[in-house]
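Reader: Could you walk me through how to read the features of this model, one at a time?
Author: Gladly; let us look at it together.

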Amino acid sequence: MPDQNATQRPFIRDGKPAEDRWLLIRDAEAELPASTPAIVPLARWQALEGSAELAPWLASDTELTPELAEQLAAAPLIAIDFPRFTDGRGYSLARLLRERYGFDGEIRAIGDVLVDQAFFLTRCGFNALSLREDQWLEDALHALNAFSRAYQPAVDVSEPLFRQRMREAVKRAEPALA
Amino acid sequence: MYRYDTHDQTLVNERVAQFRDQMNRYLAGRISDEEFLPLRVQNGLYVQRYAPMLRIAIPYGMLASYQLRKLGDLARDYDRGYGHFTTRTNLQLNWPKLETVPDMLAELASVQMHAIQTSGNDIRNTSTDQFAGISEDEEVDPRPWCELIRQWSTFHPEFTYLPRKFKIAVTGAAEDRAAIQVHDVGLRLWRDDKGEVRVKVLAGGGLGRTPMIGEVVRDDLPWQHLLTYLEALVRVYNQFGRRDNKFKARIKILVKALGVEEFRRRVDAEWAHLKDGPQTLTREAVEAMQSHFIDPERRAIGEEAIAQFERLRGENRAFARFVTNNVHGHKVPGYKAVTLSLKRKGHSPGDLTWEQMHQVADLADEFSYGEIRVTHEQNLVLADVAVDRLEELWHRLEELGLANPTVGTLADLICCPGGDYCALANAKSIPVAQAIQERFEDIDYLYDLGPLDLNISGCMNACGHHHVGHIGILGVDKKGEEWYQISLGGAQGNDSSLGKILGPSFDRESVPDVIDKVLQVYVGERAEGETFIETYRRIGLKPFKERVYA
């Protein structure tokens with residue numbers, strides 16, 4: 001059995017509320033739906049490889065080897081599970097998929113995904129958030145804009161603030177030179 | 001001092017707005033207690049034994065006078081009129097109201113301060129040498145590097161939910177005054193033969209339940225790579241640190257389990273991808289940061305003034321005591337760093353009233369270019385005092401009760417808030433500190449005992465650093481009663497060591513007697529000129545044990 005009806009969970013894709021067609025199947029043994037695309041455990045996805053209607057979800061302790069990353073490149077989307085919102089491993093997984101392995105499809109956060117994680121999740125490369133059922137969609141949309149800048153580069157920003165400051169300093173100096 | 005630009009100011013302002021919104025949603029029941037917890041502690045807000053507590057960040061211990069004045073205002077307006085300086089060089093206010101914390105954070109933001117990441121499983125406030133930038137034995141001023149680390153670690157999107165808290169300490173001096181060997185990461189800055197800054201990186205040190213001395217992960221990291229290397233190291237910890245047991249979740253357990261070679265291999269493998277990436281530091285960026293920490297334009301002090309100071313020191317015994325114990329050398333002749341003792345009988349160690357905060361801020365403006373440092377021994381430092389004004393400053397400090405000439409002695413003990421405030425504590429620590437200060441108040445005896453670190457923690461979390469005290473006292477709970485375990489032989493600094501437990505624990509009333517016996521053994525056994533720790537290292541635990549449990 002799917003663990004919940006996907007439509008009950010507030011869903012955000014690319015910063016906007018969105019419809020979610022994908023059914024999340026947590027159980028490795030559960031029957032697959034005939035007509036709905038489904039997100040299935042990684043091992044199962046690996047066994048059934050090749051369907052555009054199937055996507056894998058990664059447990060937070062997944063070790064992302066180059067071999068695994070190569071397989072995942074073919075996935076229509078990759079979900080990363082947060083068994084508890086305090087489990088921070090998924091942030092590293094998403095950054096590695098984006099920054100090291102260049103995955104440019106959808107990366108979605110599933111599981112214990114809360115409003116106040118939305119900002120950092122997005123910075124780390126999650127473009128889709130399947131929030132826990134009790135979370136408020138409008139709060140999450142608001143939280144996406146918590147900060148207007150960042151000290152560190154991540155998936156959203158390519159340079160650290162110290163480099164941006166250097167460019168700004170040069171710019172400020174230019175009129176004086178002219 | 002680092003001064004915020006519009007980017008820094010915008011970020012702290014946005015943080016205040018974010019937390020105000022989170023608090024409103026919490027009070028409206030849209031966030032559960034359990035889920036609000038990490039949000040509030042990442043803003044320094046604890047719910048303690050009797051009341052909330054707000055822990056305010058003092059990045060690497062540096063305060064401007066206007067900031068200390070603001071801290072005094074907050075203690076007066078939002079609390080009960082005093083604050084507590086901690087061993088992480090932060091300030092804790094013990095009685096704020098939960099709902100007013102967003103307003104307090106807004107007040108802090110108005111003086112370029114915050115409470116960001118003073119708790120939580122994230123990268124905490126970086127700490128350093130209280131004599132940074134002025135000490136004679138310094139190779140590299142650590143403050144610009146600390147600020148670079150502060151910025152890198154602030155709101156780090158990947159490292160906000162680490163397995164456990166993560167503390168970094170930095171030193172650039174020959175003598176380690178930042179306790180780098182007992183931090184999750186310790187950094188020693190040094191210069192190679194071309195004059196370029198290199199970084200020795202230690203990992204896996206720490207106190208708490210399982211105290212350990214850090215292992216060297218890298219000896220000679222070139223400065224350009226500091227941030228990419230730290231990012232690789234913390235990423236390895238984030239991915240592989242244990243999350244199944246909070247008592248085994250610190251990085252020291254990972255380093256120990258993997259062995260330092262394997263840990264190093266994993267960090268290097270990760271770093272290979274990040275090295276030379278966008279976070280590689282540039283000379284311009286470092287120089288821009290260094291320009292925040294330039295020397296003040298010090299008035300030149302002539303040789304006559306220096307000679308006059310030495311004469312006075314020879315003539316006035318009380319002044320001489322103060323200078324010997326509370327005054328530290330300075331790289332510029334004619335200047336000194338003065339430690340203000342926050343340890344005095346009848347007061348909790350590290351506490352300061354709001355009036356004293358204002359008065360110290362005034363003294364900083366008058367005597368030390370408007371800057372104050374907080375030490376991890378829970379004292380304050382005015383780091384730039386001309387010797388021709390030292391006597392006047394001494395008198396002024398005496399009036400404030402901050403000139404106790406006992407820095408570095410038994411009376412200068414370190415003590416956590418303990419069971420009087422802290423919800424985690426197994427036992428009270430402040431009454432123990434006070435009983436010891438009362439028992440050993442004879443100044444000549446304190447001087448005779450020489451340099452002695454006595455550190456008290458009210459629980460295993462070791463906020464009072466008891467493992468690295470020459471004498472350590474740990475509060476333990478035995479069937480609902482408060483008992484105290486004594487350890488000997490701990491030390492901080494270049495030659496750090498962890499104390500060994502003396503034996504079965506004692507009730508609170510017995511502690512001063514036990515300390516007395518320990519000191520008697522030292523006095524009886526010491527060789528000429530030998531300090532307590534030297535004697536202990538020579539004779540070991542046994543003679544102390546035999547005397548105490550006789």
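Author: Let us start with contact: two residues are in contact if their C-beta atoms, placed from the backbone, lie within 7 Å. For angles, axes are lines fitted to C-alpha atoms, for helices over the stretch in contact, and the values run from 0 to 180 degrees between N-to-C directions. Helices (H or I, at least four residues) and strands (E, at least two) are DSSP runs, numbered from the N terminus. In this structure, helix H3 (residues 65–78) of chain B lies across S3 and S14 of chain B, at about 85 degrees to S3(B).

Reader: Before we go on, what should I know about the model and its numbering?
Author: This is a predicted model: local features need pLDDT of at least 70 and side-chain atom pairs count only at pLDDT 80 or more, while totals for chains, interfaces and linings use all residues. Residues are numbered from 1 along each chain as its sequence is written, and chains are lettered from A and ligands numbered from 1 in the order in which they are written.

Reader: In what order do the strands S3, S11, S12, S14 and S15 of chain B form their open sheet?
Author: Strands of a sheet pair through backbone hydrogen bonds, either parallel or antiparallel. Two strands count as paired if DSSP finds at least two bridges between them. Here the order is S3-S14-S15-S12-S11 in chain B, with antiparallel pairing. Strands S3 (62–64) and S11 (327–328) of chain B are at the edges with a single partner strand each, so one side of each has no neighbour in the sheet. Within this sheet, S14 (residues 371–374) and S15 (residues 380–386) of chain B are joined antiparallel over two bridges, and B:Arg373 has B:Val381 in S15(B) as its bridge partner.

Reader: Which strands stand at the edges of the other open sheet of chain B?
Author: That sheet has five strands in the order S6-S7-S8-S9-S10 (chain B), and its pairing is mixed. Its edges are S6 (127–128) and S10 (215–222) of chain B; each has a single partner strand, so one side of each is left without a neighbour in the sheet. Seven bridges link the antiparallel strands S8 (residues 185–191) and S9 (residues 197–203) of chain B, with B:Gly186 opposite B:Leu202 in S9(B). Helix H8 (residues 260–274) of chain B packs on this sheet, touching S9 and S10 of chain B, and its direction makes about 35 degrees with that of S10(B).

Reader: Is strand S5 of chain A buried or exposed?
Author: A residue is buried if 20 or more other C-beta atoms lie within 10 Å of its own, exposed if 12 or fewer, and partly exposed in between, with C-beta atoms placed from the backbone. In a regular strand the side chains alternate between the two faces of the sheet. Five of the five residues of S5 (residues 54–58) of chain A are buried, so this strand is largely enclosed by the rest of the structure. A:Leu54, A:Pro56 and A:Leu58 lie on one side, with A:Ala55 and A:Trp57 on the other. S5(A) pairs with strand S4 (residues 38–41) of chain A in the parallel sense over four bridges, and A:Ala55 is the bridge partner of A:Ile39.

Reader: Which residues of H16(B) are buried?
Author: In H16 (residues 511–525) of chain B, the buried residues are B:Val511, B:Val514, B:Ile515, B:Val518, B:Val521 and B:Tyr522. They cover an arc of only 115 degrees around the axis (taken from the directions from the helix axis to the C-beta atoms), which puts them on the same side of H16(B). On the other side of H16(B), B:Asp513 and B:Gly524 are exposed.

Technical notes. Expected span 1.5 Å × (residues − 1).
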